[in-house]
Amino acid sequence: MPAVCFYFQVHQPYRLRRYSVFDAGPDYFHDAQNAELMRRVAAKCYRPTLNLFHELIERTGGRFKVSFSITGAAIEQFKEFAPDVIDLLQQLGRTGCCEFLAETYHHSLSALYSQDEFLAQLDLHAGAMEELFLQTPSVFRNTELIYSNAVAQGVAELDRHHAILAEGVGGLLAGATPHALRHPPGLEGLPVLLKDHKLSDDIAFRFSDRSWSEYPMTAPKYAEKLAATDAGPDAHGRALVNLFMDLETFGEHQWSETGIFSFLEALPAAVLERGGRFLTPSEALDEFEPIGPYDAPHVTSWADTERDLSAWVGNAMQSSALQDLYKLEAPVKAAGDARLLDAWRKLTCSDHFYYMSTKYHADGDVHQYFSPYESPYDAYINYMNVLDNLRTRVRSIAEPG
């Protein structure tokens with residue numbers, strides 16, 4: 001039976017209000033909608049799931065372990081609209097069975113566009129984790145598991161993280177399994193924890209799909225699937241299964257009526273009674289050694305069937321918006337206005353570009369589910385109207401009068 005590493009992403013973007021070319025105010029964000037959505041997700045997902053995690057840790061005598069990366073956007077909205085969720089996360093942190101990971105504060109694509117902003121957002125995020133949870137994150141999870149050899153090199157040069165998370169992309173594994181630690185080529189000192197997307201997506205996406213051949217999935221059946229995993233010949237039979245997914249899987253994406261909470265409640269006992277174990281990412285680093293390189297010359301992610309960047313830069317609208325956004329970085333920072341910088345950083349959130357995706361079929365359905373817009377073109381126009389206003393405000397500071 002393998003060791004199991006559970007990691008959960010916690011994120012809620014600041015959604016924009018409808019902003020036309022005739023608008024001139026600096027109130028870009030839809031405060032009422034953001035409050036409503038945060039309170040709804042807190043009620044359906046965050047409170048019941050975090051309370052259940054705490055119960056499972058107590059019930060198993062600390063053998064159940066979890067880890068989170070929580071964006072600054074989520075933290076700020078928790079403080080404003082659901083402060084008790086922070087209390088629940090702090091309680092989990094005090095158990096010693098919960099690890100908080102590093103990521104970009106604003107869930108941005110800055111690792112690809114601006115190393116300076118990437119570092120600034122890591123600093124902001126680390127400060128929030130230290131202040132709220134008394135942990136200095138040492139394992140890095142990039143926005144949407146965006147990863148490549150170049151991204152890994154940039155993280156290694158920062159010399160502050162002991163490991164990095166990535167999607168276990170089948171084509172890059174060349175027939176091997178994702179159930180062992182690996183490392184970027186030439187960077188043996190930076191282990192990579194690879195997500196098992198099939199087993200993760202069994203919970204995150206397929207759990208309530210009645211057409212799925214394995215429906216209904218039960219905790220014992222899932223534990224048997226875990227027990228059947230193979231680490232490959234170089235790992236000497238010691239498998240590490242990384243189950244990475246959004247925390248919103250529980251109660252929001254998979255509604256309570258699907259039985260997802262009953263499944264989650266039964267899963268730790270089903271794993272433990274078969275000889276399995278739960279580890280945090282840092283505990284996995286203490287126990288396992290990388291068995292070889294994971295060569296990712298091109299950028300990968302955990303999004304969509306392609307598992308690449310096409311969710312955010314798959315069309316001309318997205319590319320144009322991103323280029324215009326990062327062209328504003330230097331002027332915004334030179335302006336020295338904290339409110340302008342905060343607004344610009346909120347606009348770096350990857351969700352804004354995700355809403356502009358023109359993908360179709362299954363991936364398109366997922367994009368549409370998350371988008372507050374009627375179409376990707378509406379998303380683009382609205383975003384660019386906001387960006388144009390921000391640009392005008394920056395110019396008014398640079399060129400007074």
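Predicted model: local features only at pLDDT ≥ 70, side-chain atom pairs only at ≥ 80, totals over all residues.
**View 1. Salt bridge between Asp202 and Lys225.** A search of the whole structure finds 29 salt bridges. In the pair shown here, the closest N and O atoms of Asp202 and Lys225 are 2.5 Å apart. Asp202 is buried, with a relative accessible area of 4%, whereas Lys225 is partly exposed at 23% relative accessibility.

**View 2. Salt bridge between Glu287 and Arg238.** The closest N and O atoms of this pair are 3.4 Å apart. Glu287 is located in helix 11 (residues 281–287), while Arg238 is in the loop between helix 9 and strand 7 (240–246); the pair therefore ties together parts that are 49 residues apart in sequence. Glu287 is partly exposed, at 30% relative accessibility. Arg238 is likewise partly exposed, with a relative accessible area of 39%.

**View 3. Salt bridge between Lys359 and Glu306.** Here the closest N and O atoms lie 2.7 Å apart. Both partners are in loops: Lys359 in the one between helix 16 (351–354) and helix 17 (361–370), and Glu306 in the one between helix 11 and helix 12 (310–313), so the pair ties together parts that are 53 residues apart in sequence. Lys359 counts as buried because its relative accessibility, 17%, falls under the 20% limit. Glu306, at 40% relative accessibility, counts as partly exposed.

**View 4. Network of salt bridges.** Side chains of opposite charge can pair when their charged atoms come close.

**View 5. Packing of helix 1 against helix 10.** Helix 1 (residues 31–59) and helix 10 (residues 260–272) pack at an angle of about 20°, and their axes are 10 Å apart. Helix 1 is thus roughly parallel to helix 10, since angles under 35 degrees count as roughly parallel. The crossing of the two helices is right-handed.

**View 6. Residues in the contact of helix 1 with helix 10.** Helix 1 contributes Lys44, Pro48, Thr49, Leu52, Phe53, Leu56 and Arg59. These residues meet Phe261, Leu264, Glu265 and Pro268 of helix 10. By class, the residues of this contact comprise 7 nonpolar, 1 polar and 3 charged.

Key: Residues numbered from 1 in each chain as written. Heavy atoms only, no water. Salt bridge = Lys/Arg side-chain N within 4 Å of Asp/Glu carboxyl O. Buried < 20%, exposed > 50% of the residue type's maximum accessible area, 1.4 Å probe, protein only. Helix = DSSP H or I, 4+ residues; strand = E, 2+ residues; numbered from the N terminus. Axes fitted to C-alpha atoms, helices over the stretch in contact; angles between N-to-C directions. Parallel < 35°, antiparallel > 145°, perpendicular 65-115°, else oblique. Left-handed = near helix turned anticlockwise from the far one by under 90°. Contact = heavy atoms within 4.5 Å. Nonpolar A, V, L, I, M, F, W, Y, C, P; charged D, E, K, R; others polar.
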